[in-house]
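Please keep the sequence and the model at hand while reading the numbered points.

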Amino acid sequence: MLWGDFVMLFSMGSVVHGATLALAVSTDVFVAFFGCGGRGIGLKRRTAVVSAVVCSCIFLVFGLIGSVATPFVPDYIEKIVGFATLMIIGLTRVFDRAVKAAIRHFRKRLSILLKVYAEPELADLDAGGDLSIREGVLLASATSIDAAITALGSGMSGAYVAAAAVFTVVFSFVAV
């Protein structure tokens, strides 16, 4: 195998890995905005664009934090953080209804971000039937909580955070 072929394979690997990671992260965005649409809450194109950019920026920032922290964190801590990240996300997905029910139960004591995470339609703060840019940013931030955790772990593992962030913008916009 020639050196050029190796570099090309490595680059394709980063693209495929980034796209796969972004696709996984964008599913929450799709579900949340789909739920809003199912409740008759509309969305303007500029709100969709801003929401997709917010999701991507959150992913990129936490991915870069993970990348920057890697040299200062011992290997065994990286493995613990990676395991804990996957475990938390997995348990949250398995017990999704229970987590959202608990958030709804303690609603008065929780931040608006967690309330919107549990019930995406609450992002329509003014009950106007359309999400404004501010409301879209709120919903995008709420749906990016697990994306931030994923990005942190991915950054620590040496994943291609920049490629994934670019794909996250595209996939999030399509999802919205």
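1. Helix 2 has ten names on its buried list: Thr47, Ala48, Ser51, Ala52, Val54, Cys55, Ser56, Phe59, Gly63 and Gly66. Here, buried means under 20% relative accessible area, exposed means over 50%, and partly exposed lies in between, with a 1.4 Å probe and protein chains only. Helices are DSSP runs of H or I with at least four residues, strands are runs of E with at least two, and both are numbered from the N terminus.

2. The model is predicted, with local features requiring pLDDT of at least 70 and side-chain atom pairs counting only at pLDDT 80 or more, while totals for chains, interfaces and linings use all residues. Residues are numbered from 1 along each chain as its sequence is written, and side-chain values use heavy atoms, leaving out hydrogens and water.

3. The protein chain contains 8 helices and 2 strands. Along the sequence these follow the order α-β-α-α-α-α-β-α-α-α. Of the 176 residues in the protein chain, 35% are buried. The protein chain exposes about 10,100 Å², of which carbon and sulfur atoms supply 73%; accessible areas come from the Shrake-Rupley method with a 1.4 Å probe, and for residues only the protein chains shown count as cover.

4. Among contacts in the protein chain with a separation of 6 or more, 79% are between residues 24 or more positions apart.

5. How far apart are the end C-alpha atoms of helix 2? They are 36 Å apart, which agrees with the 36 Å that its 25 residues should span at 1.5 Å a residue. The expected span is 1.5 Å times one less than the number of residues in the helix. Helix 8, with 15 residues, reaches 20 Å from its first C-alpha to its last, close to the expected 21 Å.

6. Serine 51 lies in helix 2 and counts as buried because its relative accessibility is 1%. Leaving aside neighbours within four places in sequence, serine 51 contacts Phe33, Gly136, Val137 and Ala140.

7. Phenylalanine 62 also belongs to helix 2. Is this residue buried or partly exposed? Phenylalanine 62 is partly exposed, because its relative accessible area is 34%. Apart from residues up to four places away in sequence, phenylalanine 62 touches Ala148, Ala151 and Leu152. The C-alpha atoms of phenylalanine 62 and alanine 147 are 8.6 Å apart, although the two residues are 85 residues apart in sequence.

8. Arginine 45 is another residue of helix 2, and it is exposed, with a relative accessible area of 67%. Its C-alpha atom is separated by 9.3 Å from that of valine 176, 131 residues apart along the chain.

9. The largest nonpolar core has 15 residues, and those with the most contacts inside it are Val29, Phe33, Val116, Ala123, Leu131 and Leu139. Such a core is a set of buried Ala, Val, Leu, Ile, Met, Phe, Trp, Tyr and Cys residues joined through side-chain atoms within 4.5 Å. Helix 1 (3–38), helix 2 (45–69) and helix 6 (133–143) each supply at least two residues of this core. Another core, of 8 residues, lies apart from it and includes Val25, Phe59, Val161 and Ala165.

10. Valine 116 touches Leu122, Ala123, Leu138, Leu139 and Ala142, residues up to four places away in sequence not being counted.

11. On the surface, Val49, Val53, Val170, Phe173 and Val174 form a nonpolar patch with about 400 Å² of accessible area together. Patch residues have over 30% relative accessible area and no salt bridge, with nonpolar side chains (Val, Leu, Ile, Met, Phe, Trp, Tyr) joined within 5 Å and like charges within 9 Å. A salt bridge is a side-chain nitrogen of Lys or Arg within 4 Å of a carboxyl oxygen of Asp or Glu. Helix 2 and helix 8 (161–175) are the elements giving two or more residues to the patch, and helix 8 gives the most, with 3 residues.

12. The buried residues of helix 8 are Val161, Ala164, Ala165, Thr168, Ser172 and Ala175.

13. Threonine 150 is in helix 7 (residues 145–156) and counts as buried at 19% relative accessibility. Beyond its neighbours within four places in sequence, threonine 150 is in contact with Leu21, Val25, Thr85 and Ile89.

How values were computed: Contact = heavy atoms within 4.5 Å.
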